[in-house]
Structures are given as C-alpha cells and as structure tokens.
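Biologist: I'd like to go through this one slowly, and I'll keep asking how you know things. Can we have the picture up first?

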Amino acid sequence: MNKDTKKSNAYSFEQLISSKKYSTNADLLTAILEKDKLYTTDEIDKIIKKFLEGGAY
C-alpha cells in the first residue's frame, strides 16, 4: 500500500465519531482524538484497545 492509498483510508474526527463502527466508543474518541488529524481504522482500533487495557493511548 502506498502513501496515497493510506491517506485515502484515513478519516476525520467527525467521520469517526459519527460512524456506526465506533458508535459505542464515540465518547472515548471525542475525549482522546485530535480534532484536526486524520486517522486510519487500524490506528483507531489500536488506540481503543490500548486505552481499554489501561495504557495511555
């Protein structure tokens, strides 16, 4: 996967907290994500997992 493909799979803060996939973690994401940064679903999954395991994201 090249950089352009990775960028196209990145989502904004608003897209992520509004998505069905992350609806159960919307409050968590609202608290910890940077509002002006793009994230891939892999990044979000890792952030959520690490946070729920008691680690800093």
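Predicted model: local features only at pLDDT ≥ 70, side-chain atom pairs only at ≥ 80, totals over all residues.

Biologist: What makes up the protein, in helices and strands?

Modeller: It has four helices and two strands, in the order α-β-α-α-β-α along the sequence. Those names come from DSSP runs, numbered from the N terminus: H or I for at least four residues is a helix, and E for at least two is a strand.

Biologist: Where is the confidence lowest, and where is it highest?

Modeller: We use pLDDT, the predictor's confidence in each residue, from 0 to 100. The lowest mean is 55, in helix 1 (residues 3-8), and the highest is 98, in strand 2 (residues 39-40). Across the protein the average is 88, and 84% of the residues score at least 70.

Biologist: Why is A26 called buried?

Modeller: Buried means under 20% relative accessible area, exposed means over 50%, and partly exposed is in between (1.4 Å probe, protein chains only). A26, in helix 3, has 15% relative accessibility, so A26 counts as buried.

Biologist: And why does L28 count as buried?

Modeller: Same test: L28 comes in at 13%, so L28 is buried too. L28 also sits in helix 3. Skipping residues up to four places away in sequence, L28 touches I48 and F51; a contact means heavy atoms within 4.5 Å.

Biologist: How many of the protein's residues count as buried?

Modeller: Of its 57 residues, 25% do.

Biologist: What makes a group of residues a nonpolar core?

Modeller: They must be buried Ala, Val, Leu, Ile, Met, Phe, Trp, Tyr or Cys residues, joined through side-chain atoms within 4.5 Å. The largest such core here has 11 residues: F13, L16, Y22, L28, L29, I32, L33, Y39, I44, I47 and I48.

Biologist: Which residues does I48 touch?

Modeller: Leaving out those up to four places away in sequence, I48 touches Y22, N25, L28 and L29.

Biologist: How do you know that the buried residues of helix 4 are on the same side?

Modeller: The buried ones are I44, I47 and I48. They cover an arc of only 95° around the axis, so they share one side of helix 4; the arc is that of the directions from the helix axis to the C-beta atoms. Those buried residues pack against helix 2, helix 3 and strand 2. On the other side, D42, K46 and K49 are exposed.

Biologist: What span is expected for helix 4, and what does it reach?

Modeller: The expected span is 1.5 Å times one less than the number of residues. Helix 4 has 12 residues and reaches 16 Å from first C-alpha to last, close to the 16 Å expected. After helix 4 comes G54, with a positive phi near 95°.

Methods:
Residues numbered from 1 in each chain as written. Heavy atoms only, no water.
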